[in-house]
Amino acid sequence: KIGNVMSQTVCYLTIIVLLLLSAKMMAQIPNSGFENWSLNSKFIESPDNYHVEKITFSSGTDILDEVSSASQTTDSYAGNYAVVLSNKLSILFHGQKDSLFGKMFTLPPGPVSNVQNIKPAFPVSARHTTLNGYYKFTPVNGDSCQFIVAVYKSGNILGSGSLCKSTSSSYNPFTVTINYFDSTTIPDSACI
């Protein structure tokens, strides 16, 4: 990389999401253990099936440098890898002041032209009641840690849940309860 990132405040949030599950059935989240990573641009490697925030510095059509809010770590709860999400506030990137926020979400299948709106990203076939996983969180400057899950039917949101967590220097479990808007409809997809 050729960039000069200066004057940054970094917040580390390490999470590993393992399963979306109900009492009797488990649905696999694509790349749930963050084991698979690929270059998603010229310089940035990201966990497969996830969107991560980044800043790109380009000249015309050439990408010269990038900064990402996510990085791979071997400090994992299970498996070989986990993802570290970092806020990078007030960074000076090639003479431009900008900020990155440590957030990521599951990507829908196929080409993505607009990642501003979180959309259905992977199939499910049951009324799952929780999202469970493990996380570490070291806040800086009043940062917060939040997990969000949404389930859909035919592209319409059917239920959701969110949970904020506090500081944890070692891996701890989390459980997000999914609250449905009706009592019978079976979702066909979800996002995290």
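User: Which residues line the second largest pocket?
Analyst: In this predicted model, the second largest pocket is lined by Ser 38, Leu 39, Asn 40, Ser 46, Pro 47, Asp 48, Asn 49, Tyr 50, His 51, Val 52, Lys 54 and Leu 107, and these residues divide into 5 nonpolar, 5 polar and 2 charged.

User: How much space lies in it, and which strand gives the most to the lining?
Analyst: The second largest pocket holds about 210 Å³ of space. Strand 6 gives the most, with 3 residues, while strand 4 (37-39), strand 5 (45-47) and strand 6 (50-52) each supply at least two residues of the lining.

User: Switching to aromatics, how many pairs are there?
Analyst: The structure holds 6 aromatic pairs. One of them joins Tyr 135 and Phe 147, whose ring centres are 5.9 Å apart with the planes at 70°, so this pair is edge-to-face; it links strand 14 (residues 130-138) with strand 15, the two residues being 12 residues apart in the chain.

User: Is Phe 147 buried or exposed?
Analyst: Phe 147 is buried, with a relative accessible area of 5%, and Phe 147 also forms a stacked pair with Phe 174, at 3.9 Å centre to centre and 10° between the planes. Phe 174 is likewise buried, at 2%.

User: What about the open sheet, what is its strand order?
Analyst: Its 5 strands follow the order 13-19-15-16-18 with antiparallel pairing. Strand 13 (122-123) and strand 18 (179-180) each have a single partner strand, so one side of each is left without a neighbour in the sheet.

User: And how many bridges join strand 15 to strand 16?
Analyst: There are 9 bridges between strand 15 (residues 145-153) and strand 16 (residues 156-165), and Val 149 stands opposite Gly 161 in strand 16.

Notes
Residues are numbered from 1 along each chain as its sequence is written. This is a predicted model: local features need pLDDT of at least 70, side-chain atom pairs count only at pLDDT 80 or more; totals for chains, interfaces and linings use all residues. Side-chain values use heavy atoms; hydrogens and water are left out. On a 1 Å grid over the protein atoms alone, a cavity is a set of points where a 1.4 Å probe fits but cannot get out, and a pocket is an open set with protein on both sides within 12 Å along at least five of seven lines; lining residues have an atom within 4 Å of a point. Grid points are joined across faces, edges and corners, and a volume is the space filled by probe spheres set on the points. Helices (H or I, at least four residues) and strands (E, at least two) are DSSP runs, numbered from the N terminus. Ala, Val, Leu, Ile, Met, Phe, Trp, Tyr, Cys and Pro count as nonpolar, Asp, Glu, Lys and Arg as charged, and the others, Gly among them, as polar. Two strands pair if DSSP finds at least two bridges between them. Rings of Phe, Tyr and Trp (its six-membered ring) pair if their centres lie within 6.5 Å; planes under 30 degrees apart count as stacked, over 60 as edge-to-face and the rest as tilted. Buried means under 20% relative accessible area, exposed over 50%, partly exposed in between (1.4 Å probe, protein chains only).
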